[in-house]
Amino acid sequence: MVVAVRIHATGGPEVLRIEESMAQSPGPSEVWLEQTAIGVNPLDINQRKGAVPMALPSSLGLEGAGVVAAVGEGVQNVRVGDCVGYATGPLGAYASARRFPAERLVKLPDGLSDDHAAAVLFKGITAQYLLKTTGQIQPGARVLIYGAAGALGQLMCAWASHLGAQVLGVVSRQASVERARAAGCDEVFVFDAGTLAAQVAEATAGLKVDVVYDPIGRDTFAASLDCLRPRGLLVSFGATSGLPAPVEVGTLNAKGSLFLTRPSLAAHTATAEEYQGRAADVLDAVSSGVLTPRIWRSYALADVAAAHADLEQGRSQGAIILKP
């Protein structure tokens, strides 16, 4: 019997339902994966709430790890018994077992636990493309990273620091400042829309930053623009406070010929080759100690509503995982 989480309507954590179904045989190019750990991400919250539309009823979850239990016709990259992880769709990670495309599985290296794989792959690949492709961070760059004490933010700060950047972090409360510093920030600011730009200017000797990484959205968008140097780049990649309001293109010119982008993980892992390359870079960064998976709390799959509530209310201090 397979236990899975599904939603039949959008809303709060109470819409998450535990359902049972029978095990399935994998189709061509698929595997049957018995899962041991499942990652929880802000995107899951936005999908559950309806901020990211999807057809209903629907499964949830894009990140997990487990053991290959059966392989379908044509599968050559993994075998029965392999320990694997993944960090993209199709939806359905919130389950004890599932069918999954073999080409999107990542073999886990010795020494990386299933729990840590489920905590780091989705967030690590996100950090990888944001830093190395979107922002193309080089030594000497100046970056501003919101959510610096959160699960993704801690990875981004550590990796940006390793790449040689001056890392300025933004957190929502004073209690998170030291955690952001420990993650690799040179300076940490508690968000105040009225003072952030001046604080950033002071910390950079008036230069401001080359790139702002903003997953917050509506509440921070205007302040983020004001933190950029001329021809700087605003990377708006999340919406925890709602989608940013439309911006007049003339505003970008008036503030210094700024660049603005709204990237997605899907667009940066569209092919199996690109996806596997980014995943390999993440695993190398973990192996070398550049990135450290940090699990704040583990929940039983049946307690998924509590996990969502903790993430949504900002109580988590690192990654959250579910255990089937």
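Predicted model: local features only at pLDDT ≥ 70, side-chain atom pairs only at ≥ 80, totals over all residues.

Guide: Residues are numbered from 1 along each chain as its sequence is written, and side-chain values use heavy atoms, with hydrogens and water left out.

Visitor: How far apart are the end C-alpha atoms of helix α2?
Guide: Helices are DSSP runs of H or I with at least four residues, numbered from the N terminus. The expected span is 1.5 Å times one less than the number of residues, so the 21 residues of α2 (residues 114-134) should span 30 Å. The model agrees, with the end C-alpha atoms apart by 29 Å.

Visitor: Which residue of helix α9 does Lys 132 of α2 pair with?
Guide: A salt bridge puts a side-chain nitrogen of Lys or Arg within 4 Å of a carboxyl oxygen of Asp or Glu. Lys 132 forms one with its closest N and O atoms 2.9 Å apart. The pair links distant parts of the chain, 149 residues apart, and the partner in α9 (residues 272-287) is Asp 281.

Visitor: Is Arg 278 buried or exposed?
Guide: Buried means under 20% relative accessible area, exposed over 50%, and partly exposed in between (1.4 Å probe, protein chains only). Arg 278 forms a salt bridge with Glu 274 at 2.8 Å between the closest N and O atoms. Because its relative accessibility is 7%, Arg 278 counts as buried.

Notes: Helix = DSSP H or I, 4+ residues; strand = E, 2+ residues; numbered from the N terminus.
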